[in-house]
Amino acid sequence: LKDQFDNLDKHTQWGIDFLEKYAKFVKERIEIEQNYAKQLRNLVKKYCPKRSPKDEEPRFTSCIAFFNILNELNDYAGQREVVAEEMGHRVYGELMRYSHDLKTERKMHLQEGRKAQQYLDMCWKQMDNSKKKFERECREAEKAQQSYERLDNDTNATKADVEKAKQQLNLRTHMADENKNEYAAQLQNFNGEQHKHYYIVIPQIYKQLQEMDERRTIKLSECYKGFADSERKVIPIISKCLEGMILAAKSVDEHRDSQLVIDCFKSGFEPPGDFPFEDYSQNIYRTISDGTISTPKQEGMRIDSKTTVGKAKGKLWLFGKKPKGPALEDFSHLPPEQRRKKLQQRIDELNRELQKETDQKDALIKMKDVYEKNPQMGDPGSLQPKLTETMSNMDRLRMEIHKNEAWLSEVEGKVAARSDRRHSSDINHLVTQGRESPEGSYTDDANQEVRGPPQQHAHPNEFDDEFEDDDPLPAIGHCKAIYPFDGHNEGTLAMKEGEILYIIEEDKGDGWTRARRHNGEEGYVPTSYIDVTLEKNSKGA
């Protein structure tokens, strides 16, 4: 290929163009991965509603499974971002840097080849000039010889003319000899440079171009492999995401969901009783008897029964409208069973707060004792206001607990009484026994139920809205507990050292991070107690 310099120039340029073409392909693939991950995250965000403040609402296994699938899909989107990042760093970035270095090296080798060709052309011009000059001097010497011979044979020529022609012949012959020697030297020099050019310089330059092109081919092979490795590295984590989706699907329990519906909407109301017989024949056969039921009373009973049935239907029907009204402190606006649950939950919360205040009181007392024994550590009197406040809070909480326990006892007593009456054989129990008032409270006056105002109901889709509001936030990462945390305060989450939790909300600058266990329990933990890893690598842990 000694004479194919221009073709090799075109080939090496084609190699660089192909390298940049592949780099462009990788760049577009990276954009596809990034857009795919972004669309997946938007999809997860769209179908993962905000967390409802009502943590006590039931969690259906089908919904929990769907939210777990969304979390796994969010982690899957993170792995697509990892693929894009790995391709961008390992393949595209490397290709662009190598392309720049390749262009610089190619330019240097081609310049060396052009310089060698220019030097050979210069040697050839010098040799050609000396050759032409030698040829011209030879022709001049031949003319001088012919002139001398003509004058020497001419009898009429003078001796001076013959001598002059002889001197001219000698001069031209001498100059021809000098140019001959110059031409021979230039020819020998050109032949040497030409041999050096085609057997030493150009082969060396071509070898460097060949090595450069082979390195380019090797680099392309490495990038092809890196392109596939970027995808292969995340396959185990993606497999874990898919396995998590399968486990979420297997965790769906239809019986548990049905039981949650029952527990959520169990009202505790009694079914409506039998309708009494209304004897309209009394107007025809009117007699005076102690057992006769008067017409006005029958009318009242008729209205009362229908009204009772209507109210019972409104409260017992699973997907019926919910009463809308101001929430009362004793939850008397709720059905008995729901009221009992709410009261029990409030009592549990108050007991936790009381325990917290008790722990704080014990700590203050211990600190006060330490200050009394070691005055240099602090003033015991400075703790008295805080201790007084804590004692006041404890008294207030005890009163609240006592009040709610009284309401709870009242509800449980009524539920027990209703259970006893349910087995009674009294046909007219709807008239004599107690009823639920329109507001959901218990009353013994049947006429109050007839004259009560009608219930105001919410929109039929309120059940669906409340169900959708109870959706968990997607996990944005995970964390590992560096230290144990008790989590006695309300809203906090206890954790053990080394425990792995999902991160659902970052630290907003207050020193607390919102986390969630695998069982769905959520709360805040101290940021300084955990080692946080966000988004992409969360699934790999």
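This is a predicted model: local features need pLDDT of at least 70, side-chain atom pairs count only at pLDDT 80 or more; totals for chains, interfaces and linings use all residues.
Figure 1. Start with the overview before zooming in. The protein has 541 residues, and 34% of them count as buried. Its accessible surface comes to about 34000 Å², with 53% of that belonging to carbon and sulfur atoms. Take the contacts between residues at least 6 apart in sequence: 75% of them join residues at least 24 apart.

**Figure 2. Helix α5 and the face it buries.** This helix covers residues 254-265, twelve residues in all. From first C-alpha to last, α5 reaches 17 Å, close to the 16 Å expected at 1.5 Å a residue. Which residues of α5 are buried? They are Asp257, Leu260 and Cys264. Looking down the helix axis, you'll find the buried residues within an arc of 55 degrees, so they line one face of α5. What they pack against is α2 (61-153) and α7 (336-373). Have a look at the start of the helix too, where a side-chain oxygen of Asp253 comes to within 3.1 Å of the backbone nitrogen of His255.

**Figure 3. Phe5 and Tyr206, a stacked pair.** The structure holds eleven aromatic pairs, and here is one of them. The ring centres of Phe5 and Tyr206 sit 6.3 Å apart and the planes meet at 25 degrees; planes under 30 degrees apart count as stacked, so this pair is stacked. Phe5 belongs to helix α1 (residues 5-47) and Tyr206 to helix α3 (residues 159-233), so the pair links distant parts of the chain, 201 residues apart. Phe5 and Tyr206 are both buried.

**Figure 4. Tyr483 and Tyr529, an edge-to-face pair.** These two rings are 5.7 Å apart, centre to centre, with 75 degrees between their planes. Where do the two tyrosines lie? Tyr483 is in the loop between β3 (477-481) and β4 (500-505), while Tyr529 is in the loop between β6 (522-526) and β7 (530-534). The pair therefore ties together parts that are 46 residues apart in sequence. How accessible are the partners? Tyr483 is partly exposed, at a relative accessible area of 46%. Tyr529 is partly exposed as well, at 30%.

**Figure 5. A cluster of rings.** Here, ring pairs link Tyr22, Phe25, Tyr224 and Phe227.

**Figure 6. Glu522 and its polar contact with Arg516.** Glu522 is found in strand β6. With a relative accessible area of 18%, Glu522 falls under the 20% cut-off, so it counts as buried. Its side chain is joined to that of Arg516 by a polar contact of 3.1 Å.

**Figure 7. Gln186 and what surrounds it.** Gln186 is found in helix α3. Is this residue buried or exposed? Gln186 is buried, with a relative accessible area of 16%. Leaving out residues up to four places away in sequence, Gln186 touches Gln126, Met127 and Ser130. Check the distance to Asp128 as well: Gln186 and Asp128 are 58 residues apart in sequence and 8.4 Å apart in space, C-alpha to C-alpha.

How values were computed. Residues are numbered from 1 along each chain as its sequence is written. Side-chain values use heavy atoms; hydrogens and water are left out. Helices (H or I, at least four residues) and strands (E, at least two) are DSSP runs, numbered from the N terminus. The expected span of a helix is 1.5 Å times one less than its number of residues. Buried means under 20% relative accessible area, exposed over 50%, partly exposed in between (1.4 Å probe, protein chains only). The arc is that of the directions from the helix axis to the C-beta atoms. Contact means heavy atoms within 4.5 Å. A polar contact is a pair of N or O atoms within 3.5 Å; within protein, one must be able to donate a hydrogen and the other to accept it, and residues adjacent in sequence count only if both atoms are side-chain atoms. Accessible areas come from the Shrake-Rupley method with a 1.4 Å probe; for residues, only the protein chains shown count as cover. Rings of Phe, Tyr and Trp (its six-membered ring) pair if their centres lie within 6.5 Å; planes under 30 degrees apart count as stacked, over 60 as edge-to-face and the rest as tilted.
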